[in-house]
Amino acid sequence: MSDDFIDSAQMISKVFKNISSQDVENSSKIQQAWQTTVSKISGNGEKLAAHSSIVDLKNGILLVESDHPGWNQMLQMHKKFILTGLNRLSGGVKIDSLAFRVKGSDASLANSEEVARKAVERYAQKIDAEQKKLEEMGYGKPNAAATSGADDSSGGQGRESLPPELNAIFERLKNKAKS
């Protein structure tokens, strides 16, 4: 057999290598809980179940897809009922919230670790900018005059550096953003 080709057994093994049996079982439970719960919504439950499906579950958020925005709106109106039913019927899988998309869109659930890392970076940049402003105003890092106890260069107005505790907080946040 050529190096460019693999047999079907190898291909299937590679595809399913990272999928645990627990994930498959949980997926099945959630799918069944979705159909049961949504079907019980008074009025249009059966239609809602037929026009919607589960796409993904990440960090307690269930991504639901429907074939028209109107179905998403109706599902949104019954969100509390759906969440209660899913959590009762899904066999211990915790679902905290629902997110909706229309079929064909590429919306997906973000990787929360990546989102958190980017948020920390944004806050670190804001802190750096604020610290720079404070330093320009004379409140930043201690200068030689402030540490020696002499008057600073601010015209005798008594401006001092930030308290050590605040500087330590700034440094921790900057280091977190860099890692």
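Two residues are in contact when they have heavy atoms within 4.5 Å of each other. By that criterion, Val 38 touches Gly 45, Leu 48, Ala 49, Leu 75 and Ile 82, leaving aside residues up to four places away in sequence. The structure is a predicted model, in which local features need pLDDT of at least 70 and side-chain atom pairs count only at pLDDT 80 or more, while totals for chains, interfaces and linings use all residues. Residues are numbered from 1 along each chain as its sequence is written, and side-chain values use heavy atoms, with hydrogens and water left out.

The overall layout comes next. The chain has eight helices and three strands; here helices (H or I, at least four residues) and strands (E, at least two) are DSSP runs, numbered from the N terminus. Along the sequence, these elements follow the pattern α-α-α-β-β-α-α-β-α-α-α. Of the 179 residues of the chain, 23% count as buried, where buried means under 20% relative accessible area, exposed means over 50%, and partly exposed lies in between (1.4 Å probe, protein chains only). The accessible surface of the chain comes to about 12400 Å², and 53% of that surface belongs to carbon and sulfur atoms. These areas come from the Shrake-Rupley method with a 1.4 Å probe, and for residues only the protein chains shown count as cover. Among contacts between residues at least 6 apart in sequence, 58% join residues at least 24 apart.

A nonpolar core is a set of buried Ala, Val, Leu, Ile, Met, Phe, Trp, Tyr and Cys residues joined through side-chain atoms within 4.5 Å. The largest one has 18 residues, and those with the most contacts inside it are Trp 34, Val 38, Leu 62, Ile 82, Leu 86 and Leu 98. Two or more residues come from each of α2 (21-39), α3 (45-50), β2 (61-66), α4 (69-77) and α5. The largest share, four residues, is that of α2.

In α5 (residues 79-89), Ile 82, Leu 83, Gly 85 and Leu 86 are buried. They lie on the same side of α5 because they cover an arc of only 165° around the axis, the arc being that of the directions from the helix axis to the C-beta atoms. Lys 80 and Arg 88, on the other side of α5, are exposed. Just after α5, Gly 91 takes a positive phi of about 70°. In α4, the buried residues are Trp 71, Asn 72 and Leu 75. Their arc is only 100° around the axis, so they sit on the same side of α4. On the other side of α4, Gln 73 and Met 77 are exposed.

Strand β3 (residues 97-102) contains Ala 99, which counts as partly exposed because its relative accessibility is 21%. Ala 99 touches Ile 61, Leu 62, Leu 63, Val 64 and Leu 109, not counting residues up to four places away in sequence. The C-alpha atoms of Ala 99 and Asn 72 are separated by 9.2 Å, with the two residues 27 apart along the chain. Another residue of interest is Asn 59, found in the loop between β1 and β2. Its phi is near 50°, a positive value in a residue other than glycine. Asn 59 counts as exposed because its relative accessibility is 52%.

The largest pocket is lined by 10 residues, of which Ser 27, Ile 30, Ile 54, Asp 56 and Leu 57 lie nearest its centre. On a 1 Å grid over the protein atoms alone, a pocket is an open set of points where a 1.4 Å probe fits, with protein on both sides within 12 Å along at least five of seven lines; lining residues have an atom within 4 Å of a point. α2 gives the most to this lining, with five residues.
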